[in-house]
Amino acid sequence: MPPSGLSVERQDEILQEIGELLAGALRPGWSRATFAWTGIVGGGVLSSLTVLDEEGRSRTDTIPRGMNKLCGRLKDGMYRPGAGTWLTMTYTLSADGGHTADYDFNREPELGGFGPGQYAKEVAAFPRDPEHTPDWLSAALERVPNFYAAVYAEPGEQYEIEIGPHLGEVARAFDHGGWIIGPGEYRNEFEFTAEWASLRTLSQYGLVRLAGKVDPDRWDDLIAFLTGQGWNFGASLYEGEKIVANVDPARPPAV
């Protein structure tokens with residue numbers, strides 16, 4: 001359940017606390033401070049501080065401890081049923097004590113770095129109706145994987161090096177299986193696409209991970225394809241956070 005709401009008066013009190021904490025941490029000679037804070041459930045927080053001196057020149061100051069707690073309390077308490085809560089707050093403080101706060105409910109955070117799974121946890125914690133879900137967030141939620149697999153390397157004469165399959169061999173197998181092969185999210189990784197699935201790789205020595213969206217009705221087809229390669233793999237299909245189908249590795253990982 002989302003947290004209970006804060007009254008307007010309590011919101012104002014927290015903003016005042018933020019201003020006092022920030023003012024107390026700034027070095028003398030400042031004229032204006034702008035503090036931006038983004039918090040995403042499951043993704044942590046990111047923040048920035050821009051300070052101008054009395055001559056209007058930018059300078060560097062340190063964000064005081066305690067800001068995350070206050071901002072988090074404010075974010076939780078400003079949840080609106082069906083509309084979610086804000087993703088980014090921009091707080092501006094003047095040397096005369098005046099302050100403003102701008103809350104962004106809909107734009108993708110400029111501080112960035114958050115993934116689809118983290119945005120999914122955000123929406124689970126602070127539900128949004130479709131009319132309050134911006135296009136970029138809907139697109140991110142569509143990319144939340146419901147399929148995870150791990151292909152474990154082991155010795156075999158069919159492999160190019162002493163163990164396999166390595167990432168290139170996995171890519172060739174998908175290519176031969178009629179999948180479209182493209183660049184992955186990370187350097188030197190791949191994305192494998194079919195009409196009913198899109199999988200991305202994340203590899204290291206002895207292990208190739210696969211994650212992506214799969215039509216649940218084609219689970220058996222995908223497992224048959226992986227099994228047909230002779231690979232030692234494990235795989236799981238999710239519905240939300242619940243595992244609805246699973247295959248354990250046939251053998252303990254060799255690496």
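Rings of Phe, Tyr and Trp (for Trp, its six-membered ring) are taken to pair if their centres lie within 6.5 Å; planes under 30 degrees apart count as stacked, over 60 as edge-to-face and the rest as tilted. In this predicted model, local features need pLDDT of at least 70 and side-chain atom pairs count only at pLDDT 80 or more, whereas totals for chains, interfaces and linings use all residues. Residues are numbered from 1 along each chain as its sequence is written, and side-chain values use heavy atoms, with hydrogens and water left out.

Ring pairs join F174, W179, F190, F192, W196 and F225 in a cluster. The structure holds 13 aromatic pairs. One of them, between W37 and W86, is edge-to-face, at 5.8 Å centre to centre with 70 degrees between the planes. This pair links distant parts of the chain, 49 residues apart: W37 belongs to strand β1 (residues 30–40), and W86 to the loop between α2 (67–77) and β4 (88–94). Helices (H or I, at least four residues) and strands (E, at least two) are DSSP runs, numbered from the N terminus.

Because Y119 lies in helix α3 (residues 116–125) and W136 in helix α4 (residues 135–142), the pair ties together parts 17 residues apart in sequence. Y119 counts as buried, at 3% relative accessibility.

A charge sits over a ring if NZ of Lys or CZ of Arg is within 6 Å of the ring centre and within 35 degrees of the ring normal. The charged end of K75 is placed over the ring of W86, 5.8 Å from its centre, and that of R80 over the ring of F105, 4.2 Å from its centre.

Technical notes:
Buried < 20%, exposed > 50% of the residue type's maximum accessible area, 1.4 Å probe, protein only.
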